[in-house]
Structure formats: structure tokens, C-alpha cells
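Subject: Handover of a structure

Hello,

I am passing a structure on to you, with notes on what was found in it. Please look at it first and then read on.

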Amino acid sequence: MSRYQPFSEPPKKHLGQHFLHDRGIIDKIVRAVDPKPGDLLVEIGPGQGAITFPLLQRHGELTVVEFDRDLIAPLTEAAQAHGALTIIHRDVLKVDFTEVASGSMLRLVGNLPYNLSSPILFHVLEHASVVRDMVFMLQKEVVDRMAAAPGSKVYGRLSVMLQAYCSVTPLFDVPPGAFHPPPKVDSAVVRLVPHASSTIDIADHATFAHVVRDAFGQRRKTLRNALSKVCDSAAIEAAGVRPDARAEQIRVEDFVRLANLLHARGGAQS
Ligand code: SAM
């Protein structure tokens, strides 16, 4: 594998640019992705190509989504030595991944810009039916929240919203020194695998999101109080959930059952 060569462009803070330079970490990410012939690989935020070129060398083809116009020409030029790189020069939040998949399943990878990590996760989940898996680098604190179980201090809206749609498996931690410039926080790599649509059947995504948002909006309150604008205690009980419990104690499947019941009764009122 040839060495990663940084471009001359200095990192841009407003685009969350922290470029990986630790070969050991880059190799671990490539091994975690473990591309197989025929896989449709898409990298979000290739930057200066730290993960891009090793993946390209191994797989022969790769699509990347990059917003920074100054990186497009150097990426195009440097990729020629490695394989077939397709660059989508666009804000990832505006990319229609269902169109990119065009009938296939995508495998996503990315050292995500941390200032946009939640919006990117939610945007990608809108296209979960065309995503086979994702290997993402995020702030460790975000990965901890994504993977948290009920009862944990960091179990919250992000945990429920992510786990309702995917399995969440933290893979390994990454220290600030692996990046240039080093971020102020620790990072972690996580694997997300969207559930088969039959595993957790959310009747209406908007109702589910609404219930979860309200439940955790006032996480110290009982569900009866936190959800008072959405439903009454009887509805919570009918879904098999204790109205005097707090959101942080409620399992993902219980939120789904409650949201489905409210949807069947005509949706969550607000
Ligand atoms: N993958 C490279 C690495 O590991 O060194 C760069 C990772 S850097 C943390 C995040 C990358 O996402 C940068 O290349 C940045 O320009 C890009 N980026 C930031 N906002 C973006 C957006 N809205 N859409 C697409 N790419 C974006």
C-alpha cells in the first residue's frame, strides 16, 4: 500500500477537516470495511484521501461525496494511480443515496465532519433500505450515546432513533493524535447495520420521531408528564409501558409499540 500523501491545502475548520494520518488506524478502518468484489462502496468526506486511496487500491472502484471544491482536482489527479474514483461534489445532506444506489445496496464509510455527524446519520437513515452497512468515525461521546442501553446515563434520543433502524457496534477508539490537526475530543469507529425491514416495524416514522423527541425533551419527567401533549396515561399503559417510568428506562421496542398504537389511533397530537 503506498503512503498517504497530504495535499497542499490547509485543513478547513468550518468543514470539520481533521485528516487522518495514522497508518495503523487507516488499516483498521479498511479491514473493518473489508470490501468484497461487487460491493458498491461510497465514502463520505474523502478529504485528502487518507481512507480513499487504500480502499481504492484494494477495491478498484469507489464513489466519494466531498463538499470542499479545493479538494476535487487533487483527489481526481491522485486517484488515477489507484483505481476508478467517482466524485460527487455536493453537500452530503443533499445527496439522494437511493439514486446513487440505483437498485443495488450501498456500503458507506467515512470519517465524518463532527459538526454535522447527527444530521448526516439521520439523512443516511432516510435511505436505510438501500444501505447494507456503514463504518463511520465519529466523536467517541456520540458513539457512546448511539450504542447506549436503557438505564445508562447517556441513553437518549440518539440511542433510540439509531437503534430503531440499525444495529450499532462500536469497533475501536481513536486518539486525537491520529489526526491533523488533532481534534479536542477522542474519536471512535462504529459499524451500523440497518435492520431488515421486518425486524422492527415502525408504522409511521414521523409519529415515532415525535414520541421519542417529546419523551426525551424532558428526560427527568415521567412519561405521563413528558408525553402529556401527545397522549394520555391510558394510551401509554395500553402500549404496555408504565406511565410513571422515565424515557431513559424505556426500551426501543417499547417506544415503537407506543408510537404504533398512537399512529393507529390517528397519530400523536402536539
Ligand atoms: N476522510 C478524510 C480523512 O479521514 O482524513 C477527511 C475526514 S474530515 C474529518 C471530514 C471531511 O468531510 C472533509 O473532507 C470535509 O471537507 C468533508 N465535508 C464536510 N462537510 C461536508 C458536507 N456537508 N458534505 C460532504 N463532505 C463534507
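Where is the place of Pro181? Pro181 sits in the loop between strand E8 (179-180) and strand E9 (187-194). The peptide bond that leads from His180 to Pro181 is cis, and its omega is near -10 degrees.

Some ground rules before the rest. This is a predicted model, in which local features need pLDDT of at least 70 and side-chain atom pairs count only at pLDDT 80 or more, while totals for chains, interfaces and linings use all residues. Residues are numbered from 1 along each chain as its sequence is written, and side-chain values use heavy atoms, with hydrogens and water left out. Helices (H or I, at least four residues) and strands (E, at least two) are DSSP runs, numbered from the N terminus.

The chain as a whole

The protein chain has eleven helices and nine strands. Its C-alpha trace spans about 65 × 40 × 30 Å along the principal axes. The radius of gyration is 20 Å, which agrees with the value near 18 Å that a compact globule of 270 residues would have. That radius is taken over C-alpha atoms, and the globule rule is 2.2 Å times the number of residues to the power 0.38. Of the 270 residues, 50% are buried. Buried means under 20% relative accessible area, exposed means over 50%, and partly exposed is in between (1.4 Å probe, protein chains only). Among contacts with a separation of 6 or more, 66% join residues 24 or more positions apart; contact means heavy atoms within 4.5 Å.

Helix pairs

Axes are lines fitted to C-alpha atoms, for helices over the stretch in contact, and angles run from 0 to 180 degrees between N-to-C directions. Angles under 35 degrees count as roughly parallel, over 145 as roughly antiparallel, 65 to 115 as roughly perpendicular and the rest as oblique. A crossing is left-handed if the near helix is turned anticlockwise from the far one by less than a right angle, and right-handed if clockwise. For residue classes, Ala, Val, Leu, Ile, Met, Phe, Trp, Tyr, Cys and Pro count as nonpolar, Asp, Glu, Lys and Arg as charged, and the others, Gly among them, as polar.

- H8 and H11: the axes of helix H8 (residues 205-217) and helix H11 (residues 252-264) cross at roughly 120 degrees and come within 9 Å, so the two are oblique to each other. The crossing is right-handed. On the H8 side the contact involves Thr207, Phe208, Val211, Val212, Ala215 and Phe216, which meet Phe255, Val256, Leu258, Ala259, Leu262 and His263 in H11. Ten of these residues are nonpolar, two are polar and none is charged.

- H7 and H8: helix H7 (residues 157-165) also meets H8, with axes that come within 9 Å and cross at roughly 155 degrees. H7 is therefore roughly antiparallel to H8. This crossing is right-handed. Arg157, Val160, Met161, Ala164 and Tyr165 of H7 are in contact with His205, Phe208, Ala209, Val212, Arg213 and Phe216 of H8. By class there are eight nonpolar residues, one polar and two charged.

- H1 and H2: the axes of helix H1 (residues 23-33) and helix H2 (residues 52-59) come within 10 Å, crossing at roughly 45 degrees, and the pair is therefore oblique. The crossing is right-handed. H1 contributes Arg23, Ile26, Val30 and Val33, and H2 contributes Pro54, Leu55 and Arg58. Five of the residues in this contact are nonpolar, none is polar and two are charged.

Single residues

Gln163 lies in helix H7. Leaving aside neighbours within four places in sequence, Gln163 is in contact with Met146, Ala147, Ala148, Val168, His195, Ile200 and Val252.

Asp34 is not a glycine, yet has a positive phi of about 45 degrees. Asp34 is in the loop between H1 and strand E2 (40-44), and counts as partly exposed because its relative accessibility is 30%.

Ser102, in the loop between helix H4 (97-101) and strand E5 (106-111), also has a positive phi, near 35 degrees. With 58% relative accessibility, Ser102 counts as exposed.

His14 lies in the segment before strand E1 (19-20) and is exposed at 59% relative accessibility. His14 and Pro113 are 99 residues apart in sequence, and their C-alpha atoms are 9.2 Å apart in space.

Regards
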